[in-house]
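Open the model in your viewer and show the side chains.

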Amino acid sequence: MPRPSPRRSLLPMLAAHSGGRSAMTCEYRCGNACFHKVPNTSSNAYFGDVAASAFSRRAALQAGTVLALAGGATSALGQGAAAAPPPHAPGGTAVGLRFEPIQQQTGDAFTVPPGYLHDVVIRWGDPIFSDAPEFDPENQSAEAQLRQFGYNNDHVGLFDLGRGEHLIVANHEYSSEPMMFPRYDPENPTQAQVETAWAAHGLTVVAVSGEWRGRRSRALDPVLDHPLNRRLHTSSEFELTGPAAGSELLRTSADAEGRTVLGTLNNCAGGLTPWGTWLTAEENFNQYFANADAVADPTARERLSRYGATGGESGRKWERFDARFDLALEPNEFNRFGWIVEVDPFDPTSTPKKRTALGRFKHEAANVQIAADGRAVAYMGDDERFDYLYKFVSDEAYVEGDVAHNATLLDNGTLYVARLTGDSPASQIDGSGTLPGDGEFDGSGEWIPLVSGNTSHVPGMTAQEVLIFTRQAGDAVGATKMDRPEDVEPSPRTGAVYVALTNNTSRTAAQAEEPNPRAVNKFGHVLELVEAGSDASAATFAWSIFLLCGDPEDPSTYFAGYDKSQVSPISCPDNLAFDDHGNLWISTDGQPGTLGTNDALYGVAVEGRQRGEVRQFLAVPAGGETCGPVITDDRVLVAVQHPGEVDGASYETPLSHWPDGGSSIPRPSVVATYRADGKKIGHA
């Protein structure tokens, strides 16, 4: 039978941080990445400082290589005006976005538009098997957590099982021990606390059903003991596959063949494939490893530094309880993380695959579309300041219904990195965000091949080295340094690709370039990319900036030419999704430190007269992050990550009691939002 279709989808003593998040979130989610030296020390040119290439955007348009967006829409990529176009006039909100936008929020509440309801689907500690104990925060254990929903849910994917049932796939990015455990001492964690945190990481597959809530309700509840329910964690086996599998650089004392890894760490966003599997992404894995400074070999030290591994003890002190987290003892264990992981949610006995052909870096996500010739194309961002945008093109074509064949697609192909060039004079890109003379930040780009199977395209690096040290390969070929490329999502309607660039306060005015035009870019932006010839496997593309985020009253902001007085403020775009009407939905990560308001979910039209009209749909509680949006006609799903993580909070002094209320500690949760009248989301 064909598979069901996927839905596309604070420590008190720490000083406050300026990067948009609390000190605790910065410490435990990414190891304070934005407060360390930028790992990319390459001498790659900032392409705003050089003349536009002969393959200019206008030449691309004249050659007919740019995709005509569906429905006769006027795209910023299709405009060649010499001056800024007049703002789009409001007039009839796009279908799917017809709700009353909410105002910016600051409270400890989950807020939705008038006429909408919301329910928690599943929370940290909720059982997914009937033999799991009820959640007891005072008496946690690894054994209990392995049968419960994990901590800090990020990506959410949804498969329709029919008959009112769905399958949720969710990952658990990181643990916030001071919020999780009573009497937690960060200098001396107990073995029980560490083992519980190991179990709280990883992945969950859980069936949900709405059949018990009534005809109009779109709420969902977990189905205990469903045969597809599954937890994967730091002790689960994962298989390394593809050209780098078996490399000497992936072998450890526990795995002499370099093909079997225990666990997956710091999974961020993800994507669902056309063949019914789940891709999840290992991101800030470096923070879990200790004693990088004890590594003496200069080549190994350079490689570790490029991935952000420095110093002595790790923040969580896991190396005290498992030697594989000690780089002085197991230097290659580090290389076994930072991959895209493919999970078959319909086979609970299957071993998840770490797909080495897609390269190793701080993956935010991987999203697949099918090229004109049927090959699978996966788009990926490396979530680090001044790091790169990638895509992978499979050798073989996708074959609908052929599970065995499609399971090999991501092991054989070519990995590319992006180089973007602006089409405006460098003198017009001054770091202020002021539009250049042609009225747009736009230009052309090329996909530079890094490796094809066992053939390296990078001088001085083997194919296995390119895949294991992909960042350095990107450095070597002159890839464009971007402002934290996170989720990369192709539109299922038009094929245009959207890139969330969350922020980069380290960029100076001298480093401003047309693809990243603002210095001290604390608000972030969204890039729109169109492949040449409407073909996802193309070697070149045209690009433009779709949104320059921030307060609309800030002159450096831009909303695809839409009237800025008619849009919602938005900052720090992170995860992306599309609805069935072609609207882009954006979840944010960092609004508390940039706009002074809670993170939120927004819908924005990408076509027609409403192109660029940003409308805020919901807001998460204070201290939380909006993750993993899934948008259907029936409901909107989001993951509320790290609620209540504000400076001064801890287990003993919670500053949020969401979602349970009373004196409870906050619990990361998946939430469903739907219309009270049972009608379609965003319809009149």
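How many salt bridges does the count come to? The count comes to 36 salt bridges, where a salt bridge is a side-chain nitrogen of Lys or Arg within 4 Å of a carboxyl oxygen of Asp or Glu. This is a predicted model, in which local features need pLDDT of at least 70 and side-chain atom pairs count only at pLDDT 80 or more, while totals for chains, interfaces and linings use all residues. Residues are numbered from 1 along each chain as its sequence is written, and side-chain values use heavy atoms, with hydrogens and water left out.

Select R123 and D126. Their salt bridge has its closest N and O atoms 3.1 Å apart. R123 is partly exposed at 23% relative accessibility, whereas D126 is buried at 11%. Here buried means under 20% relative accessible area, exposed over 50%, and partly exposed in between (1.4 Å probe, protein chains only).

Next, select R320 and E313. This salt bridge has its closest N and O atoms 2.9 Å apart. R320 is partly exposed, with a relative accessible area of 39%, and E313 is partly exposed at 48%.

Now go to D387 and R306. They form a salt bridge, with the closest N and O atoms 2.9 Å apart. The pair links distant parts of the chain, 81 residues apart: D387 lies in strand β16 (residues 385–387) and R306 in helix α6 (residues 298–306). Helices (H or I, at least four residues) and strands (E, at least two) are DSSP runs, numbered from the N terminus. Both D387 and R306 are buried.
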